[in-house]
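Hello,

Here is the structure for your files. My notes on it follow below.

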Amino acid sequence: MTLSAALISLAVDTSVAAAYGTTGSTSLQPGGVTPADTPSTPGQAEAISSSAKAKSTGSSVSVSAATTSTSTLTAHPDGSFTQTQSLQPVRVNKSGTWVPVDATLQRGTDGTIATSATPTALVFSAGGSGPLAKMTAPDGKELALSWPDPLPAPTLSGSSALYPDVLPDVDLRVTAQDQGGFTQVLVVKTPDAARNPKLATVRLSTATNGLTLTNDPAGALTAKDSSGRAVFSAPTPVMWDSSTSTVAPAKSRSLFMQSPAVSSTNDGAASGPSAGAKQADLHATAGQSGITLTPDQKLLTASDTHFPVYIDPNWIPRNTGDTTWGGIWEAHQSEPWDTAKWGDPGVGYQGWLADTGIERVFYKFDTSFYSGKTIGSATLNMLETYSASIGCEKYGINVYRSDSFGSGITWNTAPATHEQIGSASVTGTRNNDCPGNQPAIADITTAIAHAGSSLSVGVFAADEGDKNAFKRFSTNPTLTVQYNSVPNMPTLAAAVPAAQSPATPDCGVNAPFGWIGSTNVASDGIHLRATISDPDSNQQVRGQFALWDYVSGAGIISTGDANSSTPWVGNNTTVDKAVGPLEDGHTYGWNVRADDGINHSATSAGCHFQIDRTPPSQPSVSSTDYPAAGSSTAPTHAMGDGFQGQFTFAATDATSGVDHFEYAFNTSLPVGGASTVAATNGSASIRLAPTHWGTNFLDVSAVDKAGNHSQSYEYAFYVPDNLKAQAAPGDLTGDGVPDTAIVDKDGQIRFYTVGTDPALGVPVATSQAPTADETWKGATLAHRGAMHGSANVDDLFVLKSGKLYIYLNPSPANFIKAQATAVTRPSCNATITDCSTYATDWSQASQIIAAGDVDGDSAHHNDLITVEGDRLWLFPETAAGASSPLF
C-alpha cells in the first residue's frame, strides 16, 4: 500500500467585530490594531461639509469619518448618500488609517507572531510553552488553545505557520483567516506516525476569559459568554482523507474548495476534502479546561486510506447583529455549510462530481438604517470565486426574498423564499478572457425600499438543472444603497416679531389672527423663521417659504421659487426669511417646507398675521375726583383723605384697536414694566390715591393690539394738604406767613420769615442744587404763588448758570432735584413785541421776579419777569408753562 502524508486539521474562525489588540511597545499588535484605533462614531460635521463640497464641486465626496470596518459613505452633488456595507469586516483601523484586511503573519521584535490586519486579535506561538493560538474579541473575551507539548519555532509563509515534528513525523500547520480565526492541520507523514497512541485521542487544553465551552450531542462546539451569546462556535468536527475521484471533463469541473480564506497554505490538501475523499465524523467533547477530539481509528489505519486526514472543528464567526449568511446543499440535507470542508457556498446544480445536488446561498442584511428613507438604488454585490464552465458564457442567477434565518441553516431548515426581487447574469472565472473572481450585481432597489429592519435573500441559479451554470460565491457580499430621507416637517414656525392679540401661536389657528406692529421690526422688515431637519443627520437642508395676501389670495412668495429658498444649512437649524415691511392693514398667510435638493417635506400648517403700523391717538385723561391742574374746578379732596379717585383714559385706533393703556404715577413711563389696564372700546378707568400733597402727575400711553405705542400724555392735578388752608403769597414753609429765600455764604438756602427776628435763627431749607457743582452759590431765587393749581405755598424759580428751573414745593421748604424742572425758553412773537434783542436762552438774564398774576388771565397764573441788559421781559405763565414774552 502506498501511503501519503496524513494530516489532522483544526480550523478555527472568530466573531465579526471591530479590531482589538494587545499592549506592549515592542510586540506586534494582533492585526496591527489597538483599542484606541477602533473607528469613532461617524462625524456629523464632516458629513455635512462633504455634502456641501459635493454640491459646490459637482463631484461625489467620500465621508471618511463615517468609514467603519464594514461600511463606507459617499456624499453626492444632488444631496443623496451612498452607503456600502459588507457582511464581514473588509478593513481595519491601524493608527488612525483604514487598511484592507490582511491575514499575513508578521513576527514582532519580541518574537510575537500576529496577523497584519485582521478584525479580531490573533496571536500564534513563537515556540516553546504557552498557547498555540489565542483569539481575543473586542470586548476582551478570550479563547486560547494549547498543544500538549512545547512547540518548536515555526516557519512562516504568508498566513501560515508550520511547526515541524510536534510528534514523530507529524507537523502542525496553522493558517490565519482574514477575520482573525485560523485553521489547524496535523500532517501525519508515515503510517507509523498515524498509529502513534497520541493520535488515538487529541486533547487541546483551553483557557478562556468570560467564556464557557460546551458541546451538543452531535459534537458541535460553542464558546458562550455569561449571557448565553455564542462568541465562537464550530459545527460537528469531520475527519477526511485525501482520496480523490476521477477528474471531470475538461469543459467543466466542479471543485469543492475555492475559499480564499485558506488559499495561502502551501499544501492543497489543507484546503479541505477533495471529491471522493473518505470522511467520518469525530467525537468532540468540551470540558472545563480543554477540548478532546477522538479520531476514527479505522479511517486512520485502513489500507485504502489516503493521507492526509483532517480533524476539523471549524470555528465560525457569530455576528452580533442580524447580519449573517448560510449555504445549503441538497446532497447534505442535515448539515450546515462548512467552509473548511466545502469552501465557498455554491449556487446551482453541482452535477460533475460525487455528492451531486443543488446548492443555494442565503444572505441577511441589517436594513433598519434605511427605514423611512427614499431609496434611489440598491444592489446586492456578490463575488463569484468559481464557475463550473471554463468559458466566459454568462449564466443567470435569481435573488428571492426569504424569511429571516439564523446561523447553521441546512437544506432541511432553510428559510422559505417568496417573490423574486433581483437577478444577474454572471460570466465564468476560469478563462483568459474572464480570469479571476467576477462580480455579480443584482438590482434589489424595490426590496430595500420595503425591507424594514432586515432583508433576507436567497440566491438560486436561474436554471437549477444545468450543471454548467454552477458557481460559487464569496461569503462576504456587499449591499450598496443610494438613499435620501424625506426631510422632517419644519417645526417652531414663527414670525419675528411675533404676532399678538390674540396671544396665541400664529400658525395652525383660526381667525382672529394676531397683529404685528412697528415695534421691534428689523430694518429689513418682518422675518419668517422655522427649524428644519432631516432624518439623515449629515444632510444639508434649506427652508422654502411661501407668503400670500390672505384676503386677495395674491402670491408674494411662491414655494420653490428662487426667492423662497434660504441658504443651505446643517441639520436641525433655524432658518430665516426676511419679507419686508408688508402693507399696513393687510392680513397675510404663510407656510414653510424643508428641502434637501431631492425631496421636500410636507408644508407646515398655515401661519397668519395682520399688519398695523399706525399707533393709537394720544390718550385723553379725565377725573372728576382730581381735576386737572389749571382748570377752573377747585380740588375736592385733600391729601389727608386718602381718597382713591377715578381716572378715565380714552384713545382711538382705526386698524387693530386699542388693546390697553400703560401708565406711571408721579414718575416717567418706563420702557417696559409699566402698569397696565385693559381697554374696552378704547377706554379704561383706574383708581389711584395721591402719594403727596401738591402737584401729582399721571403719565399715560395707549397701546394697540399690534403693540404700537401712542405719544404719552401727562395729566397733572393738585392736591392740597388742607382744603380749608388759605394761601399766603410768599409763604414757602406752609405756616401762612410770607418768607424771603436767600443763598447764604455757604451756598445754602435760608428762609427769613416776615415779622421774625433773624437773630433768633434762620432755618435752612432741605434742598439740592440743580447743577453738577451741587451748590446754590451764584443762584438767583424768586417766588410768589404756586405754578400749578391752587397750592397754599409758593413754588421756587431758580436762575443758575444761564438756565432757569422751577422747583415745585409739595412738601414745604423741601427743594430736591426730583421736584425740579428746567424751563424751556419760549420763542418770541414779533407781532406782539420787538424781538430784535431777544436771546434764545436764559443766559442774558441777570435778575428774575416772580410777580404773581401780572397779565390778569382768568386762571390767575403766576407770571415771571426777567431783567436782561436794559430790557425787562414778561413771561406769562400758562397751564402748559411759560409763553411768548409780552414785552
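Two strands count as paired if DSSP finds at least two bridges between them; strands (E, at least two residues) are DSSP runs, numbered from the N terminus. This is a predicted model, in which local features need pLDDT of at least 70 and side-chain atom pairs count only at pLDDT 80 or more, while totals for chains, interfaces and linings use all residues. Residues are numbered from 1 along each chain as its sequence is written, and side-chain values use heavy atoms, with hydrogens and water left out.

Strand β35

Strand β30 (residues 395-402) runs antiparallel to β35 and is joined to it by six bridges. Serine 402 has serine 456 of β35 as its bridge partner. Strand β28 (residues 357-366) also pairs with β35 in the antiparallel sense, over six bridges, and here lysine 364 stands opposite serine 456.

β35 itself covers residues 454-461, and eight of its eight residues are buried (under 20% relative accessible area; exposed is over 50%, partly exposed in between; 1.4 Å probe, protein chains only). In a regular strand the side chains alternate between the two faces of the sheet. In β35, Ser454, Ser456, Gly458 and Phe460 are buried on one side, and Leu455, Val457, Val459 and Ala461 on the other.

The open sheet

Five strands make an open sheet with mixed pairing, in the order β39-β45-β44-β41-β42. Its edge strands, β39 (515-516) and β42 (555-557), each pair on one side only. Strands β44 (residues 587-595) and β45 (residues 607-611) are antiparallel and share four bridges; glycine 589 is partnered by histidine 608 in β45.

Nonpolar cores

A nonpolar core is a set of buried Ala, Val, Leu, Ile, Met, Phe, Trp, Tyr and Cys residues joined through side-chain atoms within 4.5 Å. The largest has 46 residues, and Phe124, Trp147, Tyr163, Val166 and Phe182 have the most contacts inside it. A second, separate core of 41 residues includes Ala54, Tyr363, Ala447 and Ala451.

Threonine 84

Threonine 84 lies in strand β4 (residues 81-86). It counts as partly exposed because its relative accessibility is 23%. Leaving out residues up to four places away in sequence, threonine 84 is in contact (heavy atoms within 4.5 Å) with Thr70, Ser71, Thr72, Thr478, Leu479 and Thr480. Its side chain makes a polar contact with the side chain of threonine 480 at 3.3 Å (a pair of N or O atoms within 3.5 Å; within protein, one must be able to donate a hydrogen and the other to accept it, and residues adjacent in sequence count only if both atoms are side-chain atoms).

Regards
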